[in-house]
Structure formats: structure tokens, C-alpha cells
2 protein chains.
Amino acid sequence: MTMRALIQPVIMSGGAGTRLWPMSRAARPKQFLPLVAETSLFQETAMRMTSDEAAEFAAPIIVAGEAHAEIIAAQLKEIGVSPAAIIIEPCPRNTAAVAAVAAAWTAKMRPGALCLLAPADHHIADARAFRAAVAQGAGAASKGAIVTFGVRPSEPHTGYGYIEAGAPMAEGVAEVAAFREKPDLQTAEHYVASGRHFWNAGIFLYAPEAMTGELAVHAPAIGRAADAALRDAQSDGALCRLDAARFAECPADSIDYAVMEKTSRAAVVGPLDAGWSDIGAWTAIEGGEQDARVAAIDCDGVVIRTDGPFVGALAVSDLVIVATKDAVLVAPKSRAQDVKKIVEELKARGRRDLL
Amino acid sequence: MTMRALIQPVIMSGGAGTRLWPMSRAARPKQFLPLVAETSLFQETAMRMTSDEAAEFAAPIIVAGEAHAEIIAAQLKEIGVSPAAIIIEPCPRNTAAVAAVAAAWTAKMRPGALCLLAPADHHIADARAFRAAVAQGAGAASKGAIVTFGVRPSEPHTGYGYIEAGAPMAEGVAEVAAFREKPDLQTAEHYVASGRHFWNAGIFLYAPEAMTGELAVHAPAIGRAADAALRDAQSDGALCRLDAARFAECPADSIDYAVMEKTSRAAVVGPLDAGWSDIGAWTAIEGGEQDARVAAIDCDGVVIRTDGPFVGALAVSDLVIVATKDAVLVAPKSRAQDVKKIVEELKARGRRDLL
């Protein structure tokens, strides 16, 4: 029997979620909203990292901006989770920096543990299946692989990156043959048909030493800046503020570009069959017609959400309608991805109150 | 030169305006909203009755429910109009009762004046042309005619009653050959083509004695109850509260059914060419895309109104979108007449706060 590795969850909460405007706002982006359940996506994510027979999780660390420190503490308190640390990024530096900081923190504070890097704003319906997938990847990660998680594509989505699985490594784990950037529709259809291509869920499992080593080879400036920013960080209770000057020197790059597409250590657990969705647009959220604050008369295929105002929809089809106290969105479902255009217009008008 | 008759304006403010939900509410129906101008339709109506070279108007009387006494007084004050009276109906009894009360009030308080009965919730772009039309009808009214005003139909509208003009009586005035109820589309198209059929604008000009006489013949119970309710009314400053028990005895009927379709005294001024609209639905109101609280991106033919919340519309066409602090409406323009369905749904749910 092999010894079970401790998993150190690292919840990345840097997303802005502009495609879920007007509910998602700068001060309260989508991960903090109860969009799918009564708890927020962030709370769901934290609760998902609960030890069970498959895997053992340490208290999570959260990486986020200063603006969200308060809501993070409050939402964790609501669900009874005590974070190991809330690491504050003085400026956004994308996911490679987070992976580097997480590796450095874990190597120092939880020697022997594996880092599980996970976005705060995804929905995973089946938390148990998710943990089982993490456990499946843990063996490879313990041996030095940087493990990704691949979702079987349900449609030829052109907005996601794809992972092409290669030679099997263990039960449910394979080498990565290639990372494929956002494809055109024809290519995406080919991927769906192949059975070997998965959506990249943006979740990573790795031993800190493996990530540190790959960063040193492929993105040394990121590793150095992250290490220095953490070394000179200021602690304030659970808050750990990375050193602003050091962190500012860190190149902003995604973990995918900076490491995954270059390393030979990439592995993939797949398919992750746990009801994954990144809630990338309003269309990822069901109905809303059952809400007592909604009347949809002679409507078909509408997504209606409100956090207060009553919404009366009459004889409309395939629309997204979202109402908040100070802003309303109306768009066809087919254009739900373009909601950020309205956010851009608001920026251009200087309406910071609505962002 | 004939002596110019004094005109006694009687503004009927009993409408509910449910087709303009969610802005039009029970406590503040559409006549009190600044829908077209910065002043409300009610204020526009009162300001329209201003003496000029064509006609002389007495201070108006307003007929309305108790719930609106306060807003009426406030809105009149805003525009510097002192009403001769605000006559409060203890219960709604439709327009024939108002015509009867107006006749009785005017006969007593303004002997020799003609009553001009006008709804509070219509828009008339050209007030001067309106007054000229009133002056045109005054001669016939002084001789005992009950004068209606006919709008040249711009489309085969099936939601209006039509007036068929008969033999000419004077410049711009004709006998009424027939009142035609809401027609089917084919009939309405015939009316539009004929040149002899007008929309019934719901405005009436008459000598009190003429109306009293016709009521005595065609609807005696209405005339009796209205007279008694006014006789036993309680005065309270400008407020005149009709006696509740007497007024309750009054049959509820429209002036069209109770008198106009039966009398031989009906005349019509037409065409009334003054930019008339009854603002019967949101589609009667233009655009809204210029409002700083609206962003309509890649939209076409939308009507967007807000009294507070920001509205972001993306890639939608021919929709009506109306936002208030507590309710939002989305419907195709082609179904704007059916907005009352949502109001009915709200009634069924007991949501009086939204009515």
C-alpha cells in the first residue's frame, strides 16, 4: 500500500467574470455569487476540497486581490472553513505566478504535500467524483508529473483550450501528447469525435519541487519574482500580502503558456466526469422561470435571473434577461459571450459604479 | 361676429394604464408619468386647455379617484394651474357618469359654458391645432350638438372605435353617420381607405343642457344618480367628494354606449390633425437609446425606458424593455398590447406591491 499524499488546495480567485455582468461586478465577481447553489462558486470550491476516503486535503490557501480579502474571509466563515492563508496579490500577474507562489508556500509550510491549483469560479456538480480524479492523479504528481484534468467535450466549444491525451501512465492518467489552443469549429468537431481530446479544466496537481523545477527551466523570471515576493511578504493574521515591488517584477503569463506547453512532465487525468462547468456565460445557468420574482408568459428557452427586481417577460425566446437593483441585461443566448461588450461600453462612459 | 363660448375643461383621470406597466402603477398610472415630455400626460392635458386667440378656457375641473387626489394637486401646482375643482369619484363608474357630473357641475357653476371632456392620458403634440379644432366644434355644440373629435387613421388599427362622418354641418364639422365599434382588420383597412372614417379620440364637447337632455332620454338612471351624487357632495377646499351612496347607484357605462350611439345630436370635428396618440402601449413611445442610462449595442428598433436602473441591451431587435427600481418588462413590440397579461399574473399572485 502506497502512502497517501496530502493535498494542499490553492484556490485562485483572481477572475473578473465580466461575462456574467450585471450580477458579476468588480467588487463582487462571479465566484462570490450564489449562481448555481445557495452557496457561491467560491464556497463550493472550498467545500469540494474536503477530505474523504479518496484523498486528504489540508486547509486551503486562497490567492486573490486585496479588494476581495474581506468577502473571502466572510464567505469562508459562513461555511466554517479556516483557510491556511489568504495570499494577497498586490497586482494581477496571471496563473503562472500563482502556481509559483503556491509551490513556494507549500514547499515551506506543508513539506511533502501536493499543490492542487483550482479556479474559484467553476462549478463541479459531483464533488466526490472530483476528489476521486484528484486521487487518481496524485500518484503521477508524486512522481513528478504536472497533472491536468481533462473534461470530455460535450460540444465543439471554440472558447476552450483542448488537451490531447497520449500514452497511458496509470489508471485514468495519461501523458499529454499536446495542448491545443482554442480551435476553429471544424477542428473542435474533430476533437469531439476523436475521444482523445479533452477540455482543459484549468486545474493543476503537482509536487512543489516539480513546478519549481519547470519554472526554473521555462520561466525563470516568474519563479524568482514569486519566491522573492513570498519571502518578503507581510503577514496579518491569515492574510499574507506578497511584496508589491517584488511581485510587480513578475512577468504576467498563464501557467499553460509559461510551463504546460513546454514541459515534458505534463499528464492528464481524464475524462474528469464530475459535471464540470466554468460558468463562462449566462447560458451556463438554467432557467430561472421558477423564481417567484419572475413571470415568463408565452416564453421559450429563456434564462432569467434577478437578485431583486421582478422580471416580467412576455412572448420572447432564447433570451438572457438578468436584473439587479441598478442594472438590467437583455441579450440573445447566442450572444451571451459578448456581454463584456456592455462592460466595455460602461468603462468607456466612466460608469465605475456599474462595473 | 358670434359671441365666443367659454369652454369648461373636464379632465378625466380615471384610467389605470396597465398596458404601460411596469412604470404605470395603481398609485401612479400612466397619466402622471413624464412619458413623452418632461411634464406628465396629465400636466400636458391641463396645459393644453389654455386660452388663446381661438378659444377661451375656464380653470379645469378634474374627475378622479381618491387615491390620486394628492398627486393631481401636486402636479397642477408644479405647472401653476389652479383647478376649479377636483371631483372625487367614490368608485369608478365609467365615462357616462363623468359626462353627467360634468354637465351638472358646469350648468350650475359656469352657466353658458360648454363642457370639454378630455382623457388625462393622451398625448397631443400640437396643442394649438387642438384648440383650433375645439373652436371649430364650439359653434355646433352651442347649437346643441354633442361634438366628438375624429383622428385620421394612420393605420388600420383594430383597437379603436371609428366614427363615420356624414353630412357637413360647418367648416370642419359634420354630422355623425355612425359609430363603428372596434373593427376586424379587413374592415379597418376599408375604413382607412374611405377617408370618411376617423378614430374616436374620446374627447367630447357639449352644452350641459344637451348632455343632460340626452341622458334623460337614453340613460336616465345615470343622469339621476350623477345629479344626486353632486348635489350631496362634500366640499373640502378644491376637492369635491361625490356622495358615495348616490354615486354607487349610477350604472357604469361608457359615454359612447350610453349616449353617443343613440343620440341624433352627434357631430364630429375632423380630421383632428394635432398629433394625437392615446399612448396605448409602449410602442407609442420612441426609442430611448439616447438615454445615458441605456446602452443598446447592435440593437435594432428597440424601445427602452428606464426610471433608474441602467439597461444594457445587446443584439436584440424590435423589443420593448422597460426597467424600474422594482420591476422589469421584456416583450416584443408586436405583443406590447398584451403587457396587461403580466399585470393579471401579478394580481393572481397577490403582488399588490407591483400593481
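**Entry 1: contacts of B:Phe247.** I looked up the neighbours of B:Phe247 in this predicted model. Leaving aside residues up to four places away in sequence, I found that B:Phe247 touches B:Glu89, B:Pro90, B:Cys91, B:Arg93, B:Ala225, B:Ala229 and B:Leu242.

**Entry 2: setting of B:Phe247.** I located B:Phe247 in helix α8 of chain B, which covers residues 244-248. Is B:Phe247 buried or exposed? I counted 24 other C-beta atoms within 10 Å of B:Phe247. The cut-off for a buried residue is 20 or more, so B:Phe247 is buried.

**Entry 3: a distance.** I then compared B:Phe247 with B:Pro332, which is 85 residues apart from B:Phe247 in sequence. From C-alpha to C-alpha, the two are 41 Å apart in space.

**Entry 4: a sheet with strands from chains A and B.** I turned to an open sheet of 5 strands, whose order is β16(A)-β18(A)-β19(A)-β17(B)-β15(B). I noted that its pairing is mixed.

**Entry 5: one pair of strands.** I examined β16(A) and β18(A), the latter spanning residues 319-323. These strands run parallel and are joined by 4 bridges. Within this pair, A:Ile304 stands opposite A:Ile321.

**Entry 6: a helix across the sheet.** I recorded that helix α10 of chain A (residues 340-348) lies across β19 of chain A (327-332) and across β15 and β17 (310-314) of chain B.

Technical notes: Residues numbered from 1 in each chain as written. Chains lettered and ligands numbered in written order. Predicted model: local features only at pLDDT ≥ 70, side-chain atom pairs only at ≥ 80, totals over all residues. Pairing = 2+ DSSP bridges. Helix = DSSP H or I, 4+ residues; strand = E, 2+ residues; numbered from the N terminus. Contact = placed C-beta atoms within 7 Å. Axes fitted to C-alpha atoms, helices over the stretch in contact; angles between N-to-C directions. Buried ≥ 20, exposed ≤ 12 C-beta atoms within 10 Å, placed from the backbone.
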